[in-house]
Each structure stands twice: as C-alpha cells, then as structure tokens.
Amino acid sequence: MIELGENRYGKSRVRLMKVERDAPQHSVFEWIVEVWLTGNFASCFLEGDNSAILPTDTMKNTVYSLARGSVARNIEEFAIELVAYFTATQPQIDGAGASICSTAWTPIRSHAGTHSAAFIQTGPELATATVTRSRNAAAQVISGLDQVTILKTAGSAFAGFRKDKLTTLKETQDRLLGTVMTADWKHINVSADFDDVRARVREVLLTTFAGHDSKSLQQTLYAMGHAALEAAPEISEIHLSMPNKHCNLVELSPFGQDNPNHIFVPIDEPHGDIQATVRRVD
C-alpha cells in the first residue's frame, strides 16, 4: 500500500521592504516572508483537482496587501496577522503558518546627529519569527535570532574528554571559543511584548556567553538557555544551535617563533555542531 503523507504548500522568500514616513524619523523594515497552508489537499496531489488550492501567487499578493494596512510593530505581530487572515478567509484549510526573518536597518549617525532618511544595514544578524495556527485554536509564536557571530578569547577550556586510538585533539585550558548562534524561543501566549522579550533574551544570551567560565560549548549553551528562561518568564523553552567555529593555533616553530595563543587560522568546516533545548518543568 502507498499513501500520501503529511503535506502543506505555500509561498517562500517573499521579499518585502516597508518604509514608514509618518514621523520625521523614517523607519525601514526589510523582511523575507514564508507562508503556508495545511488541510485536506489530497485531491490536488492525487487527482490534479485544484478546487481547494489558493494559488501561491495569491498568497504572495496577500503579504503585500496586508503589509500596506498593517499596524504590526514587529515580525511576530505581522505573522499573527497573516495566519489570522488566511484562517478567516479560506474555509477549506485546517490551518496556516508564517515564518519571517528581518534584516536590521538603523539610521546613520554622525557628528551632526541622526539622519532622518538614511540607513545602514547592521547584519548579518537576523531576527526571526514563526507563527502557526489551526482553525479555532490560538496561535503559537516562536521568536528567534539567527547568524549571531560571537567569540571568546579567554575563559574557555576543553579537557577531560573521552579518547580512543583515533583521538588527536589536545586538551586545552585556554582556547578561542567562536560560534554562529541560532536561538528560537517559544512564547507562552500571544499577548507578549515581543520586542521587549527579544531584547532581554538577546542581552542575557550575549552577557552569559561573555562571562561564563566555559568547560565546553555544551556547558556554556546550557548556561545561556537557563539564563534566558530566568530573564524572560514569558517564554516556556529555548532552543540553541551553536556550531563550534574552530580557530586553530598556527605552528610557528619552523620559523623560529613562539606562538603563545596569538596567531590562529579560522576554519569554517568541518565544525562541531552543538544543539539543545532548555525548557521549564511543570
């Protein structure tokens, strides 16, 4: 027997830039939006019957149309608007979802002050949000950060690990610890001040990383997640992905030089991949 499994369809990478000009200081929002619908679409997959299918081009147009009149202050609120619109206007679906990532633009500042209509992109860090909603159910909101590149030059060790005949890594009490962090946290309800929660979570993640006496990236990851839950009672859990971006010490002895942890070569791959979820226990 062969059957159709779980499925969904939607529109991905809908690029949107919105400019707000109502105040002397303009605001710029650049978002990449993904939207999808879930439901009983078996007849489309199995028989080519499109009668239950809203075109993905229409879904793209919906993003732009809703953005024009939206009063959303952040990507979470706009994603909530999107899924609410689809579940309200498409009776044939069971639910909808939206995922948005946001590139930060900040006003250019100089000795003359802040420019009202000129901006600089402050990437590559991204803000992210994913909202899902089933018909007649409350929305579920997950916020996050992506491409947060961080580095410690002290306070990081890695020793006492298991060794076998293929182990060549040397123990160290003083290494560079670098990672490109991705964080996703689940909100307990949809009435949170999403911007405030994001600011608190981001700050405590970074300050914990900076100040933690690290015995391993795993230990530091858990300390960061624990601190985030303490700082933000509005969230129930946080997932952290922190690949270990290695910086290898360069051997300078052939040149008659020492290298007391000063000269390194950063490598992108292969790299360690450390992930964990830290959650509250009822």
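Residues are numbered from 1 along each chain as its sequence is written, and side-chain values use heavy atoms, with hydrogens and water left out. Because the model is predicted, local features need pLDDT of at least 70 and side-chain atom pairs count only at pLDDT 80 or more, whereas totals for chains, interfaces and linings use all residues.

**Aromatic pairs**

A search of the whole structure finds five aromatic pairs, where rings of Phe, Tyr and Trp (its six-membered ring) pair if their centres lie within 6.5 Å, planes under 30 degrees apart counting as stacked, over 60 as edge-to-face and the rest as tilted. Select W31 and F78, whose ring centres are 5.3 Å apart with planes at 40 degrees, so the pair is tilted. This pair links distant parts of the chain, since W31 is in strand 2 (residues 27-39) and F78 in helix 3 (residues 75-89), 47 residues apart; helices (H or I, at least four residues) and strands (E, at least two) are DSSP runs, numbered from the N terminus. W31 counts as buried at 7% relative accessibility, and F78 counts as buried at 1%, where buried means under 20% relative accessible area, exposed over 50% and partly exposed in between (1.4 Å probe, protein chains only).

Select Y85 and F86 next: their ring centres lie 5.8 Å apart and their planes stand at 75 degrees, so the pair is edge-to-face. Y85 is partly exposed at 36% relative accessibility, whereas F86 is buried, at 1%.

**Charges over rings**

Show K163 with F161, where the lysine lies over the ring face at 4.6 Å from the ring centre. K152 lies over the face of F209, at 5.9 Å from the ring centre; the criterion is that NZ of Lys or CZ of Arg is within 6 Å of the ring centre and within 35 degrees of the ring normal.

**Helix 2**

Finally, select residues 56-69, which form helix 2. Where do its buried residues fall when seen down the axis? M59, T62, V63, L66 and A67 are buried, and the buried residues fall within an arc of 125 degrees, so they line one face of the helix; the arc is that of the directions from the helix axis to the C-beta atoms. These buried residues pack against strand 1 (9-20), strand 2 and helix 3, with contact meaning heavy atoms within 4.5 Å. The face turned away from the buried side carries the exposed residues S65, R68 and G69.

Notes: Expected span 1.5 Å × (residues − 1).
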